[in-house]
Amino acid sequence: MAIPTEALYLDVNADAAVHPNAWKAYVEASQFFGNPSSSHQAGRAAKSCLEDARSSVASSINAIPDSLIFTSGGTEADALALCGVVRAWQGDGLPHVICSNIEHAAIMKTALMLKERGEIELDTVAVNRAGMVFPVEVQSLLKANTVLVSVLLASNETGVLQPIAGITSMVKDHGALMHTDAVQALGRLPIDVEELNVDLLSLSAHKIGGVGGIGALYIRDKSLIEPTFVGGGQEFGLRSSTQNVAGAAAFAAACQEISPWPTTVRNEFELRFMNELADIEVIGKNAPRLPNTSCIRFGGCEADGLLMGLDIQGIGVSTGSACSTGSIEPSSILLAMGLSIEEAKSCIRFSFPKELSSKELERVVRITSELVR
């Protein structure tokens, strides 16, 4: 189905448009049909392309190339981080895992599955109404058998940023490992694994203009995890499967397009709404947030109906994570932040492309306000 040329897509946190240079890199890399594990010329050409991509993606987070494992996406990267650390546990009893209660389902559901199977002890740390995790709350949950703490860097629903460096410091002083899901943060704000000091960090290409089906996991010390499945031993023996060379090349090209993202559009957008409507709330307004994300509660208005009305007007938005599309339940993330069921069902997430103009912004505010009224 063709998308109208006048349509406005404000759901970048779900999936960003493929950048032209990323598509070009994908097409060009597709000529390397050889298996990158093969030793003949075609295989070596594919291997060279793959390693160039690895270096480029690693550079975008200030990591060394050999610390980066290519995966099929952010979900697999999260699962490999969590399950891989648990499998490598050598201590007595069950390994203990801590995660925030606003994690992406890729972490939360994996952790709950491991708990239900009797493979881990699990504690979740709560957030306040602004969506922030307090490091002291994490510290209070640490145990002798704590093996991993996972707190996402940026919320896909609210854009709220977490104090990862501060959390990491106390976690590592305790002797546990630290993982952060940085899928939404990449491309929106600078990421430096040395400054964050994390042991593991998850990435995904399609959020920043790469193609779908490719992600990565940064691993500071590969001896600290075990693979979740085995096979040919690709990706340093931690993620067996013939690599997606073209996808990796497109990922690298998208990383090369990363540039500073201003907060001016988001701030102007929210200010216009506050001037138009009385009963609204910007979720996480008093917390540091991604520059491209506004989650807004429209009092007395059902978000599902508002979303459909906006879609008819050619404006694409979201009521939460795209991974839970089709669910009529309120967002578990918003409920965890202390919103009531009614409040959570009145929230719309706007996630902007960088090139959104002031005129387009005004159109979104005007149409949305008219629908709300």
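Modeller: Let us begin with a definition: a disulfide is a pair of cysteine sulfur atoms within 2.5 Å. Please keep in mind that the model is predicted.

Colleague: How many disulfides does the structure hold?

Modeller: A disulfide is a covalent bond between the sulfur atoms of two cysteines. For Cys 83, the nearest cysteine sulfur belongs to Cys 99 and is 12 Å away, and Cys 83 is in no disulfide. For the structure as a whole, the number of disulfides is 0.

Colleague: Is Cys 347 buried or exposed?

Modeller: A residue counts as buried when its relative accessible area is under 20%. Because the relative accessibility of Cys 347 is 1%, this cysteine counts as buried.

Colleague: Which residue of strand S8 is the bridge partner of Phe 70?

Modeller: Phe 70 belongs to strand S2, residues 68-71, where Leu 68 and Phe 70 on one side and Ile 69 and Thr 71 on the other are all buried, so that both faces are covered. Within S8, the bridge partner of Phe 70 is Ala 216.

Colleague: Asn 62 has a positive phi in a residue other than glycine; is Asn 62 buried, partly exposed or exposed?

Modeller: Asn 62, with its phi near 60°, is found in the loop between helix H2 (41-59) and S2. Since Asn 62 has 41% relative accessibility, it counts as partly exposed.

Colleague: And Glu 235, is it buried or exposed?

Modeller: Glu 235 is not a glycine, although its phi is positive at about 55°, and its place is in the loop between S8 and helix H8 (245-256). With a relative accessibility of 3%, Glu 235 counts as buried.

Colleague: How many charged residues are in the lining of the second largest pocket?

Modeller: The second largest pocket contains about 590 Å³ of space. It is lined by 24 residues, and those closest to its centre are Ala 16, Ala 17, Pro 353, Lys 354 and Glu 355. By class, the lining has 13 nonpolar residues and 4 polar ones, while the number of charged residues is 7.

Technical notes:
Residues are numbered from 1 along each chain as its sequence is written. This is a predicted model: local features need pLDDT of at least 70, side-chain atom pairs count only at pLDDT 80 or more; totals for chains, interfaces and linings use all residues. Side-chain values use heavy atoms; hydrogens and water are left out. Buried means under 20% relative accessible area, exposed over 50%, partly exposed in between (1.4 Å probe, protein chains only). On a 1 Å grid over the protein atoms alone, a cavity is a set of points where a 1.4 Å probe fits but cannot get out, and a pocket is an open set with protein on both sides within 12 Å along at least five of seven lines; lining residues have an atom within 4 Å of a point. Grid points are joined across faces, edges and corners, and a volume is the space filled by probe spheres set on the points. Ala, Val, Leu, Ile, Met, Phe, Trp, Tyr, Cys and Pro count as nonpolar, Asp, Glu, Lys and Arg as charged, and the others, Gly among them, as polar. Helices (H or I, at least four residues) and strands (E, at least two) are DSSP runs, numbered from the N terminus. Two strands pair if DSSP finds at least two bridges between them.
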